[in-house]
Amino acid sequence: MGNRADEYGTDVEIYVKALTTTIHADTPTDAPEQLLDLLDQLGLERRTAGPIYVWHVVPEHLDADEQRRLASHAIPALLVAGYTVNCTPEVFDEAAYQQAVHEIRSGHSRPGAEPTAAPAASTPAPPSNAPSRRAR
């Protein structure tokens with residue numbers, strides 16, 4: 001089993017797993033429990049295979065747009081906690097990301113809360129020449 005976080009040297013890699021529609025959030029093999037717990041609190045579901053391989057997925061009962069919103073909404077909380085996060089463009093939802101940033105700035109951030117789509121806040125969008133993997 002491949003682990004993108006180990007491969008890229010990041011704390012969290014958010015992407016759609018090949019040949020599926022499942023959004024994964026990979027963490028390093030030796031990820032601290034604090035990171036895994038934060039992903040749980042942000043609404044992602046923890047999965048394991050064997051004694052050491054742990055990853056998270058966005059709940060599959062959500063529709064595709066809600067899945068992208070939840071994943072993107074989690075990114076600012078992870079960044080504020082000091083983690084390095086990459087999210088592929090096909091998963092990233094700018095409005096959900098901006099909403100989460102707004103919530104954090106206004107003190108209304110609630111880990112695990114369902115994200116809601118909102119108009120983009122005043123934070124500028126990333127440049128249009130952004131790489132295929134977003135380093136945030």
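Modeller: Before you ask, this is a predicted model, in which local features need pLDDT of at least 70, side-chain atom pairs count only at pLDDT 80 or more, and totals for chains, interfaces and linings use all residues. Residues are numbered from 1 along each chain as its sequence is written, and side-chain values use heavy atoms, with hydrogens and water left out.

Biologist: What does a side-chain oxygen of Asp63 reach at the start of α3?

Modeller: That oxygen comes to within 3.0 Å of the backbone nitrogen of Asp65.

Biologist: Why is α3 called a helix, and what span is expected for it?

Modeller: A helix is a DSSP run of H or I with at least four residues, numbered from the N terminus, and α3 (residues 64-80) has 17 residues.

Biologist: What makes strand β4 largely enclosed?

Modeller: Buried means under 20% relative accessible area, with a 1.4 Å probe and protein chains only, whereas exposed means over 50% and partly exposed lies in between. Five of the five residues of β4 (residues 53-57) are buried, so this strand is largely enclosed by the rest of the structure. Tyr53, Trp55 and Val57 point one way, while Val54 and His56 point the other way.

Biologist: How do you know that β3 and β4 pair?

Modeller: Two strands, which are DSSP runs of E with at least two residues, pair if DSSP finds at least two bridges between them. Five bridges join β3 (residues 45-49) to β4, and the two run antiparallel, with Arg46 having His56 as its bridge partner.

Key: The expected span of a helix is 1.5 Å times one less than its number of residues. A polar contact is a pair of N or O atoms within 3.5 Å; within protein, one must be able to donate a hydrogen and the other to accept it, and residues adjacent in sequence count only if both atoms are side-chain atoms.
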